[in-house]
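Reader: I have just opened this one and have not looked at it before. Can you take me through it?

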Amino acid sequence: MKDLIEQISVKAEAFLKDANSQLEKGNKAAGLRARRTSFELEPLLKQFRKVSLKASERKD
């Protein structure tokens, strides 16, 4: 789970950097990178939800 959280953190940081570059500077290429990164984040977040649910079930 620690590796998964690290992957999400790295992707989220890249997404925010590119999204802000598009917003503040109108950088179209950064917008494309942000959209691609958001697409890559989606399965990681779904995987996190599954792992997190399993971890919370074990502790009950």
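Reader: What radius of gyration does the protein chain have, next to a compact globule of 60 residues?

Author: This is a predicted model. The protein chain has a radius of gyration of 15 Å, whereas a compact globule of 60 residues would have one near 10 Å.

Reader: And what does the C-alpha trace span along its principal axes?

Author: The spans are about 50 × 15 × 15 Å.

Reader: How many helices and strands are there?

Author: The protein chain has two helices and zero strands. Helix H1 covers residues 2-25, and helix H2 covers residues 28-59.

Reader: What should H1 span, and what is the distance between its end C-alpha atoms?

Author: H1 has 24 residues, so at 1.5 Å a residue it should span 34 Å. Its end C-alpha atoms are 34 Å apart, which agrees.

Reader: What happens just after H1?

Author: Gly26 is there, with a positive phi of about 70°.

Reader: OK, burial. What share of the residues counts as buried?

Author: Of the 60 residues in the protein chain, 17% are buried. In H1, the buried residues include Leu4, Ile8, Asp18 and Ser21.

Reader: Why does Ser21 count as buried?

Author: Ser21 is called buried because its relative accessibility is 15%, and the cut-off for buried is under 20%. Setting aside neighbours within four places in sequence, Ser21 is in contact with Gly26, Asn27 and Ala30.

Reader: How far is Gln22 from Ala34?

Author: They are twelve residues apart in sequence, and their C-alpha atoms are 8.6 Å apart in space.

Reader: Changing topic: how many salt bridges are there?

Author: The count comes to three. Side chains of opposite charge can pair when their charged atoms come close.

Reader: Which residue does Glu40 form a salt bridge with?

Author: Glu40 pairs with Lys11, and the closest N and O atoms are 2.6 Å apart. This pair links distant parts of the chain, with Glu40 in helix H2 and Lys11 in helix H1, 29 residues apart. Glu40 is partly exposed, with a relative accessible area of 37%, and Lys11 is partly exposed as well, with 28%.

Reader: What about Asp18, which residue does its side chain meet?

Author: The side chain of Asp18 meets that of Arg33 in a salt bridge, at 3.3 Å from N to O. That pair also links distant parts of the chain: Asp18 is in helix H1 and Arg33 in helix H2, 15 residues apart. Asp18 is buried at 8% relative accessibility, whereas Arg33 is partly exposed with a relative accessible area of 38%.

Reader: Which side chain does Lys46 meet in a salt bridge?

Author: Lys46 meets Glu42, with a distance of 3.7 Å from N to O. Both are in helix H2, and because they are four residues apart, about one helical turn separates them. Lys46 counts as partly exposed at 42% relative accessibility, and Glu42 counts as partly exposed at 40%.

Reader: Back to Arg33. What reaches its backbone oxygen?

Author: The side chain of Thr37 does, at 2.9 Å. Thr37 lies in helix H2 and is buried, with a relative accessible area of 10%.

Reader: Which residues is Thr37 in contact with, leaving aside neighbours within four places in sequence?

Author: Those contacts are Lys11, Ala14 and Phe15. Lys11 is also the partner of Glu40 in a salt bridge.

Reader: Now Arg58. Is Arg58 buried or exposed?

Author: Arg58 counts as exposed, at 67% relative accessibility. Arg58 lies in helix H2. The C-alpha atoms of Arg58 and Lys25 are separated by 47 Å, with the two residues 33 apart along the chain.

Reader: For the chain as a whole, what share of contacts is between residues 24 or more positions apart?

Author: Of the contacts with a separation of 6 or more, 56% are between residues 24 or more positions apart.

Reader: Last one: what does the accessible surface come to?

Author: The protein chain has about 5000 Å² of accessible surface, and 56% of that belongs to carbon and sulfur atoms.

Methods:
Residues numbered from 1 in each chain as written. Predicted model: local features only at pLDDT ≥ 70, side-chain atom pairs only at ≥ 80, totals over all residues. Heavy atoms only, no water. Buried < 20%, exposed > 50% of the residue type's maximum accessible area, 1.4 Å probe, protein only. Contact = heavy atoms within 4.5 Å. Polar contact = N/O pair within 3.5 Å; in protein donor to acceptor, adjacent residues only side chain to side chain. Expected span 1.5 Å × (residues − 1). Salt bridge = Lys/Arg side-chain N within 4 Å of Asp/Glu carboxyl O. Rg over C-alpha atoms; globule rule 2.2 N^0.38 Å. Areas by Shrake-Rupley, 256 points an atom, 1.4 Å probe, with all protein chains shown as cover.
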